[in-house]
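Here is a short report on packing, strand pairing and pocket lining. Have the coordinates open while reading.

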Amino acid sequence: MICRRALGSATWKIILTADEECRLSSIELNGKALEHSERECRVPLFTGRLSVECQDGQRHEIQLFKDDDPLIFKLRKNWLGEGRKIASITSGHFIVIAPTAWTRTGRASVEPDYCADTGFRAHYFYREAGAADECLDGFREWSNSRAETGIELAGEVVFDDSDEGDLFVGEAPILKSSPNIEWARLGEETKSGWGRSFRPNENALPDILDGRQGRFYLRVYDSEERLLDSAAFRRLRNLRRIRVDGRDYGGDFGIVPKPSGHVKTEVCFTDSDNKNIAPALWNKALQNLMPSGAIEVPPNPNSDRILCTLATDTTDANGVVIVLDLPRIRWQLKDDRADLGEWQDTPIIMTRKEFKTSADSKVSMLLLSKRFGSVRAGFDDKEAQPYKRLRKEDRIEIPLAHFVDYAQIYRKQRKDVHFNVEWAQQTVPLVKISADPMPEIMSFTANPAKIGAGESALLEWTTRNAGDTRATIEPVAGTVDNDGACIVRPAETTMYTLTLTDYGTDCISKAVTVTVEQMRPPVNRAVAHVMSTGGGWRCGKGFSYRELQDAGMTAREAARRSIPVDRRRRTSHRTNIKRVRSILDG
């Protein structure tokens with residue numbers, strides 16, 4: 001019995017299926033006949049008992065929901081494909097179908113979906129392999145919600161992103177049997193594949209495989225022939241490693257872009273001698289197979305998924321499918337209406353104002369994250385806030401509104417700052433907040449720069465990027481416009497300082513000086529004395545050239561100092577010589 005959901009539908013159905021060896025003849029549900037084909041029958045109601053008769057005459061009674069035992073189906077990774085009904089939860093991904101009135105306990109990572117029987121809901125469960133917990137989060141009405149040991153395979157495993165089970169390389173895997181496993185069936189996952197039933201306590205899985213390679217299913221049953229667990233796995237003898245850009249590919253693997261964005265990536269499949277094994281790329285592949293056997297992956301997002309096959313020596317012509325979802329981090333902005341652009345691999349450049357406006361408009365940052373379930377985000381080297389994705393989604397949403405109260409947004413920044421996430425143990429810048437244009441004083445002048453006492457000067461100034469800045473001129477003027485002029489009348493030489501003050505930045509200043517020249521007392525005019533005819537001294541017209549020469553002064557210096565000269569007088573008096581020398585001495 002399987003569960004199935006049609007493509008694009010959110011409604012789960014239960015189907016009874018039969019293989020080539022067990023064709024269906026008649027089916028009744030609670031005594032009422034159901035329509036069916038030879039291979040399958042859709043079950044319309046999920047309660048009661050199915051009575052099944054096969055074409056070989058065998059009859060089977062199958063119990064559906066009863067009392068407090070929900071219907072448990074095991075699916076492939078991420079709840080893909082069909083689910084096969086098993087007895088209890090082991091490890092992996094499960095759909096548990098329970099009545100709508102049941103109350104779920106614990107944290108449900110995915111909301112339940114509808115069922116074809118409207119009295120039931122399909123709930124999503126996941127349990128890690130090897131988890132130590134015995135009791136599960138389940139339902140209040142579910143008394144037997146215990147985890148059981150299921151299929152455990154041991155061997156050398158190479159990681160890939162396929163949902164077809166683990167990829168074992170080298171020697172065949174070993175089944176770790178538990179006491180409640182009575183018998184098992186191993187088969188190939190092909191339409192006409194080989195299959196064999198065996199008892200795990202009598203036969204080892206490698207002996208049953210007998211060197212086979214390919215894709216297999218393994219189902220284990222208890223003594224009452226109830227299916228306990230189901231698993232798929234693949235096996236390749238020659239493969240040893242998958243390497244991406246020289247590193248081993250693994251579950252914690254992540255590819256961080258360079259400053260210019262993602263670049264070409266090289267994928268290699270290697271054997272035990274570290275030689276490349278050339279895969280076969282699927283039709284219309286966006287990657288290139290190189291002569292060396294390596295796969296060259298372009299940086300565009302559509303090429304991140306690689307689908308290829310590695311050949312086996314069996315009749316399976318298609319080989320073993322390998323799936324790689326290269327975890328190259330990408331991001332974009334999104335608001336309530338739609339995505340705001342293409343996936344980015346270089347920082348989105350924004351100003352503080354643009355970041356805040358986007359945050360006020362409920363814009364979020366989306367991370368494309370198929371590999372990592374959680375990240376931490378923040379500014380610069382402080383990725384403090386954690387964000388997670390739900391299991392069914394491949395994106396992590398980070399609301400920008402969570403960061404508008406950070407200093408990098410509400411304070412002006414002299415240099416660029418970055419909004420980052422921690423991804424694959426590395427810091428990746430998603431947004432570059434551009435440095436704010438700092439206020440500048442373009443000019444600050446005084447005209448004239450020298451004045452006399454009682455005169456005035458004009459101070460003029462211009463600034464740039466000073467929209468929210470407070471401008472002041474000290475002394476006297478106080479707060480002024482960012483661009484302007486004012487008249488000052490200093491009584492003495494004064495230095496005026498223009499200062500721009502902005503919250504969150506240092507003050508910016510520039511100064512000019514207005515020099516005040518005091519009035520000098522008039523200088524006494526030098527007067528030459530000459531002998532009068534009456535025998536006394538009188539004031540002459542000026543000093544003779546001889547007196548200037550004897551005092552050490554040239555005629556040019558006398559003219560510069562406005563010293564009068566009498567060109568006709570030839571005499572020289574000691575008193576006049578001293579007077580000229582006193583002028584020279586200052």
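Which residues of the largest nonpolar core touch the most other members? In this predicted model, they are Leu50, Ile95 and Ile97, out of 42 residues in that core.

**Cores**

Strand 2 (11-17), strand 3 (24-29), strand 5 (40-43), strand 6 (49-54), strand 8 (71-75), strand 10 (92-99) and strand 12 (120-127) each contribute at least two residues. Strand 10 gives the most, with five residues. A second, separate core has 30 residues, including Val363, Tyr387, Ile398 and Leu400.

Ile95 shows the packing in detail. Leaving aside neighbours within four places in sequence, Ile95 is in contact with Cys3, Trp12, Leu71, Ile72, Phe73, Leu75, Trp79, Ala122, His123 and Tyr124.

**Phe46**

Is Phe46 buried or exposed? Its relative accessibility is 0%, so Phe46 counts as buried, the cut-off being under 20%. Phe46 sits in the loop between strand 5 and strand 6. Not counting residues up to four places away in sequence, Phe46 touches Trp12, Ile14, Leu64, Phe65, Leu71, Ile97, Cys115, Ala116, Asp117 and Phe120. Ile97 is one of the residues that touch the most other members of the largest core.

Strands of a sheet pair through backbone hydrogen bonds, either parallel or antiparallel. Here an open sheet of three strands runs in the order 24-27-28, with antiparallel pairing. Strand 24 (280-281) and strand 28 (320-325) are the edge strands, each pairing on one side only. Two bridges join strand 24 to strand 27 (residues 305-310), in the antiparallel sense. Within strand 27, Thr309 stands opposite Ala280.

**Second largest pocket**

Rolling a probe the size of a water molecule over the atoms shows where empty space is left. The second largest pocket holds about 290 Å³ of space. Its lining has 13 residues, and those closest to the pocket centre are Thr351, Arg352, Lys353, Lys412 and Asp436. Helix 2 (352-360) and helix 3 (407-410) each supply at least two lining residues. Helix 2 gives the most, with three residues.

The lining divides by class as follows.

| Class in the lining of the second largest pocket | Count |
|---|---|
| Nonpolar | five residues |
| Polar | three residues |

Technical notes
Residues are numbered from 1 along each chain as its sequence is written. This is a predicted model: local features need pLDDT of at least 70, side-chain atom pairs count only at pLDDT 80 or more; totals for chains, interfaces and linings use all residues. Side-chain values use heavy atoms; hydrogens and water are left out. A nonpolar core is a set of buried Ala, Val, Leu, Ile, Met, Phe, Trp, Tyr and Cys residues joined through side-chain atoms within 4.5 Å. Buried means under 20% relative accessible area, exposed over 50%, partly exposed in between (1.4 Å probe, protein chains only). Helices (H or I, at least four residues) and strands (E, at least two) are DSSP runs, numbered from the N terminus. Contact means heavy atoms within 4.5 Å. Two strands pair if DSSP finds at least two bridges between them. On a 1 Å grid over the protein atoms alone, a cavity is a set of points where a 1.4 Å probe fits but cannot get out, and a pocket is an open set with protein on both sides within 12 Å along at least five of seven lines; lining residues have an atom within 4 Å of a point. Grid points are joined across faces, edges and corners, and a volume is the space filled by probe spheres set on the points. Ala, Val, Leu, Ile, Met, Phe, Trp, Tyr, Cys and Pro count as nonpolar, Asp, Glu, Lys and Arg as charged, and the others, Gly among them, as polar.
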